[in-house]
Amino acid sequence: MALWRAYQRALTAHPWKVQVLTAGSLMGLGDVISQQLVERRGLWGHQTGRTLTMVCLGCGFVGGFAPCFLGCFLPLVGTLNGLSAQDNWAKLRRDYPDALITNYYLWPTVQLANFYLVPLHYRLAVVQCVAVIWNAYLSWKAHRL
């Protein structure tokens, strides 16, 4: 609980910085979950650069510009992974509709439950826990060729 209280104090004192760092951390954690639990890469097969890319995207892109995130995330990761423009466009056309539909299944339900059932001081924690699962899904979707 002391760690949670320290997080809440930091969030109150520096809301933008803490949200950006939280987004980066959750994106990184989601990628680790994707690589280790979904893809079963093991420690020796873990792509650290990929995890760091997800952390950087979380800090620089998700944390600051969440409204346009999904439409830009997939092609940005494709570009960072070296896909050609043609391959990136094909991947976006293939993966974006599914990711968008999954987004619409997940987040409205989570937020409705969160706003109606969860006390105010726990709402951020609920969103962050679901975000770890969402980030694992996005990492898997973005890195699947």
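## Chatting through a helical model

Student: Leaving aside its neighbours within four places in sequence, what is lysine 141 in contact with?
Tutor: Setting those neighbours aside, lysine 141 is in contact with Leu74, Lys91, Asp95, Asp98 and Ala99. Keep in mind that this is a predicted model.

Student: OK, and where is lysine 141 found?
Tutor: Look in helix H7, residues 123-143.

Student: Is lysine 141 buried or exposed?
Tutor: Buried, because its relative accessibility is 3% and the cut-off for buried is under 20%.

Student: How far apart are tryptophan 140 and tyrosine 96?
Tutor: In sequence, 44 residues; in space, 13 Å from C-alpha to C-alpha.

Student: New topic: H2. What span should its 24 residues have?
Tutor: Helix H2 covers residues 15-38, and at 1.5 Å a residue it should span 34 Å. Its end C-alpha atoms are 32 Å apart, which agrees.

Student: Which residues of H2 are buried?
Tutor: Quite a list! Among them are Val18, Val20, Leu26, Met27, Asp31 and Gln35.

Student: And what covers the buried residues of H2?
Tutor: The cover includes helix H1 (2-13), helix H3 (42-45), helix H4 (48-62), helix H5 (69-80) and H7.

Student: Let's take H1 and H2. At what angle do their axes cross?
Tutor: Roughly 125°, and the axes come within 5 Å. H1 and H2 are therefore oblique to each other.

Student: Which residues meet there?
Tutor: On the H1 side you have Tyr7, Ala10, Leu11, Thr12 and Ala13; on the H2 side, Pro15, Val18, Gln19 and Thr22.

Student: What comes just after H2?
Tutor: Arginine 40, which takes a positive phi of about 55° although it is not a glycine. Arginine 40 sits in the loop between H2 and H3.

Student: Is arginine 40 buried or exposed?
Tutor: Exposed, because its relative accessible area is 66%, and the exposed cut-off is over 50%.

Student: What about histidine 46, where is that found?
Tutor: In the loop between H3 and H4. Its side chain makes a polar contact of 2.8 Å with the side chain of glutamine 36, and a polar contact of 3.5 Å joins the side chains of histidine 46 and glutamine 35.

Student: Last one: how many residues does H5 have?
Tutor: H5 has 12, and reaches 16 Å from its first C-alpha to its last, close to the 16 Å expected at 1.5 Å a residue. The buried residues of H5 include Phe69, Leu70, Phe73 and Leu74, and the buried residues of H5 pack against H2, H4, helix H6 (85-117) and H7. Leu74 is also one of the contacts of lysine 141. Just after H5, glycine 82 takes a positive phi of about 85°.

Definitions and conventions: Residues are numbered from 1 along each chain as its sequence is written. This is a predicted model: local features need pLDDT of at least 70, side-chain atom pairs count only at pLDDT 80 or more; totals for chains, interfaces and linings use all residues. Side-chain values use heavy atoms; hydrogens and water are left out. Helices (H or I, at least four residues) and strands (E, at least two) are DSSP runs, numbered from the N terminus. Buried means under 20% relative accessible area, exposed over 50%, partly exposed in between (1.4 Å probe, protein chains only). Contact means heavy atoms within 4.5 Å. The expected span of a helix is 1.5 Å times one less than its number of residues. A polar contact is a pair of N or O atoms within 3.5 Å; within protein, one must be able to donate a hydrogen and the other to accept it, and residues adjacent in sequence count only if both atoms are side-chain atoms. Axes are lines fitted to C-alpha atoms, for helices over the stretch in contact, and angles run from 0 to 180 degrees between N-to-C directions. Angles under 35 degrees count as roughly parallel, over 145 as roughly antiparallel, 65 to 115 as roughly perpendicular and the rest as oblique.
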